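Here's a quick briefing to get you oriented. Have a look at the model first, then go through the notes by topic.

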Amino acid sequence: MRALTPADSLVYLETNDLAAALQPIIDSKPFKEAAKGQPDFGALKGVQVAVAVTGFETTEEKLTDETSVGRIQPRFVAIADTHAWNYQAVAFADHKLGQFVTDIYGADVTQDRIDKNEGDYFTWTSGDGRKSYAQVIGSVIYFGNDQTAIDKCLAVRRGEADSIAKTGKLPPRVPESLASGYVSTDGVSQIGNIVGIKFAADAGSASGVQTAIAGIVPQILRGCVEEISWSSVKTVGGIEDRIDINLEDTTAAVLNESLRTAAVSDRELLDFVPLNRASVTEYSLRGPQVAWRSLVLTAQSKFDGSIGGAFPVIAAALGQPYGIQDPELFLSGVGTTLVTVAMDKDGDKSALVAAAVIGENMRGSLLKELKPDKQLSDQYGLEVLSSADDEIATAFSGKWIVTGNIEAVKACLNAKSQRPRKPAEDQAPVPTLGGVQTVLTIGDDFEIAHDIASVLSESRDPGSGPLAKYSTRTRFVPSGIERRTVSDFGLIGSIISQLAEE
């Protein structure tokens, strides 16, 4: 499949057996609870598939006179070798792909079919003008939302352009993998623009900060990240997605040294984690302040002039959702373990929990507008500060500090007060799992199972569960960053869920 894909593809995904890649998803307990029936992937057995993203298109949709939402759509082509007779491949495109496009676009879809490029060419057009295309030649189907992407593939087929296999960039395929993928240096650059927009949107309403972040984040990624590889493997615990991010040599060396994992993790922090949280992340760092300073200086080194000088101020804005004005000062006053709790899927209601080591540093780092809140202090029997708009709160509970969105802080304090007291020996710090991850995230998702079921089968009542779990371990290595995520549906399932109706 690599020999059929254009060399300049930004993102490349492949599987040698589409049915085998999808089977663990429908075998999972959450899918069985969410779907009315099990889909039959018999027709997909042995079908090889490659997906190439050749570009991204950004559009703006106006919601009201004052607000609008940006939409980013990848231009892609999916190449499927069915290993079937041509008439069977044509029938698959005619019926299966046609139905798929209709399900995505809605009922008002027209289909045109012509002879082109020594094969059959399909065009589907929705009522609002959106289009999808498919070219069938022999047993191979090229399907996508961009004619140019398909034309590039056909040029590779004719020997008029190089394939991605000739670049020598793709990592060797893992024999036991369900699927694998690769993001090129140019792909990292373009995805950086998308990440910048996302970070800017999460930064608050200050347009100046949003504009700065939207411009700075892509430059950081372009300057630090060289390429990304991914593979998906079925394990006893679920589907494991292995993502390796190769960093520029100097950046990798600095981060590998400064973001070292702490020898032990303070597990008592987890007493503040509510059972109904969406996700919880534990950071285990030998030197939190050193790690922050290293990240800031590394990012700052990617810029020249005024932007580089202003970067520490812009970076400090990342602490404001947690009520922190000076992140470096805050991290100089806490222990080696930090825990963040997200009460919602989007992370809008989040809190940070840490142990105070140098109290004056920690207190001096907080937003100046936080003032004593008598009502909350009386309610919890603790010292509590809050902002005038009741958006941010900071609570001091013995040696602990809990700070962030006020609703999330309350949830954490309630969780701590409701936990039974444990024997003293159980409260001592214990080693992290294997002592290998710097960042550990555990999360729940009550929506993804229904979303996947609605695409692959038919979903039951979406109002009740079922629960899908995931965990992600991240560590810094000499070549860059390793991320290992184990979940019920994997990255492939996440991609499928994006096709569900909103």
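**Getting to know the model**

At 10% relative accessibility, N405 counts as buried. That residue sits in strand 17, which covers residues 400–405. Keep in mind that this is a predicted model.

**The whole chain**

- The chain has 15 helices and 20 strands.
- Of its 502 residues, 47% count as buried.
- Take the contacts between residues at least 6 apart in sequence: 65% of them join residues at least 24 apart.

**Around N405**

- Leaving out residues up to four places away in sequence, N405 touches P321, D348, K349, S350, E391 and I392.
- N405 is under the 20% cut-off for relative accessible area, so at 10% it goes down as buried.

**Helix 14 and what covers it**

- Helix 14 runs over residues 448–456, and its buried residues are I448, A449, H450, I452 and A453.
- What lies over those buried residues? The cover includes helix 1 (18–27), helix 2 (29–34), strand 18 (439–445), strand 19 (468–477) and helix 15.
- H450, found in helix 14, has a relative accessible area of 6%, so it is buried.
- The side chain of H450 also makes a polar contact of 2.8 Å with the side chain of S459.

**Helix 14 against helix 15**

- Helix 15 spans residues 490–497, and its axis comes within 8 Å of the axis of helix 14.
- The two axes cross at roughly 70°, which means helix 14 is roughly perpendicular to helix 15.
- On the helix 14 side of this contact you'll find I448, D451, I452, V455 and L456, and they meet G493, S494, I496 and S497 in helix 15.
- Sorted by type, the residues of this contact come out as five nonpolar, three polar and one charged.

**Helix 1 against helix 15**

- Helix 15 also packs with helix 1, at an angle of about 80° and with the axes 10 Å apart.
- That angle makes helix 1 roughly perpendicular to helix 15.
- Here A21, L22 and I25 in helix 1 meet I492, G493 and I496 in helix 15.
- This contact divides into five nonpolar residues, one polar and no charged.
- G493 and I496 turn up in the contact with helix 14 and again in the contact with helix 1.

**T54 in strand 2**

- T54 belongs to strand 2, which runs over residues 48–62.
- With a relative accessibility of 14%, T54 counts as buried.
- How far apart are the C-alpha atoms of T54 and P74? They are separated by 7.6 Å, while the two residues are 20 residues apart along the chain.
- Not counting residues up to four places away in sequence, T54 touches L10, R75, D146 and A149.

**Cysteines**

- Are C153 and C412 buried or exposed? C153 is buried, at 0% relative accessibility, and C412 is buried as well, at 0%.
- Counting a disulfide as a pair of cysteine sulfur atoms within 2.5 Å, the total comes to zero disulfides.

Technical notes:
Residues are numbered from 1 along each chain as its sequence is written. Side-chain values use heavy atoms; hydrogens and water are left out. Axes are lines fitted to C-alpha atoms, for helices over the stretch in contact, and angles run from 0 to 180 degrees between N-to-C directions. Helices (H or I, at least four residues) and strands (E, at least two) are DSSP runs, numbered from the N terminus. Angles under 35 degrees count as roughly parallel, over 145 as roughly antiparallel, 65 to 115 as roughly perpendicular and the rest as oblique. Contact means heavy atoms within 4.5 Å. Ala, Val, Leu, Ile, Met, Phe, Trp, Tyr, Cys and Pro count as nonpolar, Asp, Glu, Lys and Arg as charged, and the others, Gly among them, as polar. Buried means under 20% relative accessible area, exposed over 50%, partly exposed in between (1.4 Å probe, protein chains only). A polar contact is a pair of N or O atoms within 3.5 Å; within protein, one must be able to donate a hydrogen and the other to accept it, and residues adjacent in sequence count only if both atoms are side-chain atoms.
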